[in-house]
Amino acid sequence: MSKLHPLKFNPILKPVLWGGSRIATFKGSEPFDCPIGETWEISGLEGFESVVSGGEFEGMTMSDLLNHKGKQIMGDRLYQQYGNKFPLLIKFIDAAQDLSIQVHPNDQIAADRHNCSGKTELWYMLESIDDAIIYCGFKSPTTLDEFRNHINNNTLTDVLACFSPKRGDIFYLPAGRIHSIGAGNLLLEIQQSSDITYRVYDYNRTDLNGKKRELHTELAIEAIDYQVHDEYCQHTEPQPNVETEINRCEYFVTTLLKINESHRINIAEKNSFRIIVITAGEGLLTNNDGYSENLKQGDVLLIPASTEWIELKSDGNNILEVVTSYIP
């Protein structure tokens with residue numbers, strides 16, 4: 001069996017009216033030609049598949065890659081479960097304007113209506129201007145009738161939990177949790193491989209032709225969790241050079257490292273690929289096969305499950321901050 005090195009992919013740029021220019025700045029890449037709201041860093045979604053950048057598989061799509069090396073990349077357990085469909089979608093999101101208030105369906109609703117998986121996601125905040133906000137969940141129990149009244153009276157935000165995020169805040173958004181990203185936020189998103197969104201409220205905004213965007217309120221009603229939860233926003237400061245679990249759900253586990261020296265991650269013990277995202281600093285990745293690669297802020301790599309271990313080292317000048325994710 002041939003050795004597989006860590007994989008990088010060409011980001012898929014998503015030009016939208018509410019997007020900005022900060023993802024390019026964050027990654028240290030060339031400026032965008034138009035406002036970009038999202039870059040899909042790793043995707044297996046049909047029609048939006050990532051393409052390998054560099055190495056022996058350069059130019060190969062995600063599905064071709066998994067057809068060719070699926071068991072080595074995914075691991076036997078996950079390959080048996082998902083086959084050639086990559087189960088996660090990794091994005092950077094730049095909200096230069098407010099996004100709509102929205103919700104995503106769970107697996108059952110998404111399968112029944114759209115023949116796809118639901119969408120549970122996690123946000124790791126990278127940058128937020130002083131007056132930026134995040135809406136996440138309800139701040140008080142809300143009935144269906146009350147919800148409809150708030151929609152009709154343009155008062156929905158009155159019953160949503162509102163946060164002033166700061167760097168390193170973590171928002172876990174299980175399917176069904178109503179939410180919105182406010183203007184001025186830059187974040188990393190880890191999610192199920194799904195692109196189903198129900199737009200609930202859009203502040204009565206209109207486009208240049210005076211037309212309002214389509215809403216999906218009736219579809220959303222069955223999908224929304226109307227209860228109140230106490231874990232909407234979390235913040236974790238890990239010990240230096242120690243991998244700290246910041247969220248665990250049935251779809252993915254997310255960890256955080258702040259490295260001022262080095263840390264070794266045992267990949268083989270999880271029987272899963274590992275995604276690593278460099279959210280600050282610079283450093284070096286090495287693995288058990290003698291492979292090495294320089295790391296910088298904004299890098300996103302897929303570590304094949306066939307890898308025994310990787311070691312991450314800071315460049316010694318700054319903290320190397322790394323967010324990782326794998327399938328439990």
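Contact is defined here as heavy atoms within 4.5 Å. The structure is a predicted model, in which local features need pLDDT of at least 70, side-chain atom pairs count only at pLDDT 80 or more, and totals for chains, interfaces and linings use all residues. Residues are numbered from 1 along each chain as its sequence is written, and side-chain values use heavy atoms, with hydrogens and water left out.

The protein chain contains 6 helices and 25 strands, taken as DSSP runs numbered from the N terminus (helices: H or I, at least four residues; strands: E, at least two). A radius of gyration of 20 Å agrees with the value near 20 Å of a compact globule of 328 residues; the radius is taken over C-alpha atoms, and the globule rule is 2.2 Å times the number of residues to the power 0.38. Along the principal axes, the C-alpha atoms fill a box of roughly 60 × 45 × 40 Å. Of the contacts between residues at least 6 apart in sequence, 74% join residues at least 24 apart.

Ser-180 lies in strand E13, which spans residues 179–181. This serine counts as buried because its relative accessibility is 2%, the term buried denoting under 20% relative accessible area (1.4 Å probe, protein chains only). Of the 328 residues of the protein chain, 53% likewise count as buried. When neighbours within four places in sequence are left aside, Ser-180 is in contact with Leu-99, Ser-100, Ile-101, Trp-123, Ile-134, Tyr-135 and Tyr-203. A polar atom of the Ser-180 side chain lies 2.8 Å from the backbone oxygen of Leu-99.

How values were computed. Buried means under 20% relative accessible area, exposed over 50%, partly exposed in between (1.4 Å probe, protein chains only). A polar contact is a pair of N or O atoms within 3.5 Å; within protein, one must be able to donate a hydrogen and the other to accept it, and residues adjacent in sequence count only if both atoms are side-chain atoms.
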